[in-house]
Amino acid sequence: MMKISKNLIWVVLLIFFTSYDCEAQELNSNILFSKEKKYVVQGNTLSEFDKKGKFNTLLEFKDNVFKVIINQNELWMATDKGIQIYDLNNLKYVRTEFLNDKIADLTVDIEGKIWVATFFKGVYRQTDDHGFEKKLNVTTNYCITSTSNGNVYIGTNLGMYEFSIKTSNIIRYAEEAHSGHGLPDNIVEALYADEYSNIWVIMPDNIAFKKSDNYLGEIPTFSYVGNKENKIYKILGIQKQSYLFITQQGILLLPSSSLKEHSHNDEIFSGHDTNAFKLSNKFLNAPENLSQETVLYAEKNGKYLYFYTLNGVWRITEKQLINKLDKKA
């Protein structure tokens, strides 16, 4: 029988994870808000947008950018060569953390500490002296998000991990887990949190919704949004615990009632299913020049919801949207 060396096995595993990474992790759109200005990052370009939603390009980066956050007066960018940090006041480069490491994602927890999900070298939390301490030693990591109830969720190739800031307790949600901690897939590609600390878990062929409470029943799971080829760019929670799905095929509203009536492995939206409703740009108060544009990202800031396209940004108040939905119903 032919013997296979350990080195060869690691090479094969590395090739597998690297090839999957190309599918799971794409360049993201980000909308960012400082006290005075509004920014958007698309690919490797940082732009500012004005009250009319028009762009002014500020910086172009040579490395691929996967996630951007504003930390005080600094811009922290997760790239394939570390976290590149710029001063927002003058847009000058400051330093690089995790030099030459591929960074999958960044988030900030309720104590203001930055969490770093490296792709291959684990997950770290910022310390009081601004260093970083490893909190999870899992390969491979795809995404990370934090919630207002003090939890941090990490998406990996071994399932989703929930880390409690208050207790340091870790819970793993995975395909082989017991009831209440089960997921239909171990590969967690993206995570979206709402203001109520609920979590949407995106996997290659399934979408799961985990409520913020400690309910130990089966986690509601949907099979797809629109169809299996449709890409989800963002899930945004709005009032009454309904959700806007920003997808390649348009913007979908999932009312809270659909979650309550959900049966396992329903489709969120398809041509033969009305669990969710498609909303046009025009319905969302888009200006005429953006009414046919593809929305790539959305974000909430204060009373406004912002919608980003390659040709501009527009906004609508959350109250306006809820009023329009109530009339539509």
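Mentor: Let's start with a facing pair: Tyr 243 stands opposite Leu 254 in β23. The model is predicted, with local features needing pLDDT of at least 70 and side-chain atom pairs counting only at pLDDT 80 or more, while totals for chains, interfaces and linings use all residues. Residues are numbered from 1 along each chain as its sequence is written, and side-chain values use heavy atoms, leaving out hydrogens and water.

Strand β22 (residues 242-247) pairs with β23 (residues 250-254) in the antiparallel sense over 5 bridges. Strands here are DSSP E runs of at least two residues, and helices are H or I runs of at least four, numbered from the N terminus; two strands pair if DSSP finds at least two bridges between them.

Now step back to the sheet: it is open, has 4 strands in the order β21-β22-β23-β24, and its pairing is antiparallel. At the edges, β21 (232-238) and β24 (277-279) each pair on one side only. Neighbouring strands are turned by 25 degrees against each other on average, direction ignored. Axes are lines fitted to C-alpha atoms, for helices over the stretch in contact (heavy atoms within 4.5 Å), and angles run from 0 to 180 degrees between N-to-C directions.

Across β21, β22, β23 and β24 lies helix α3 (residues 318-328), running at about 85 degrees to β21.
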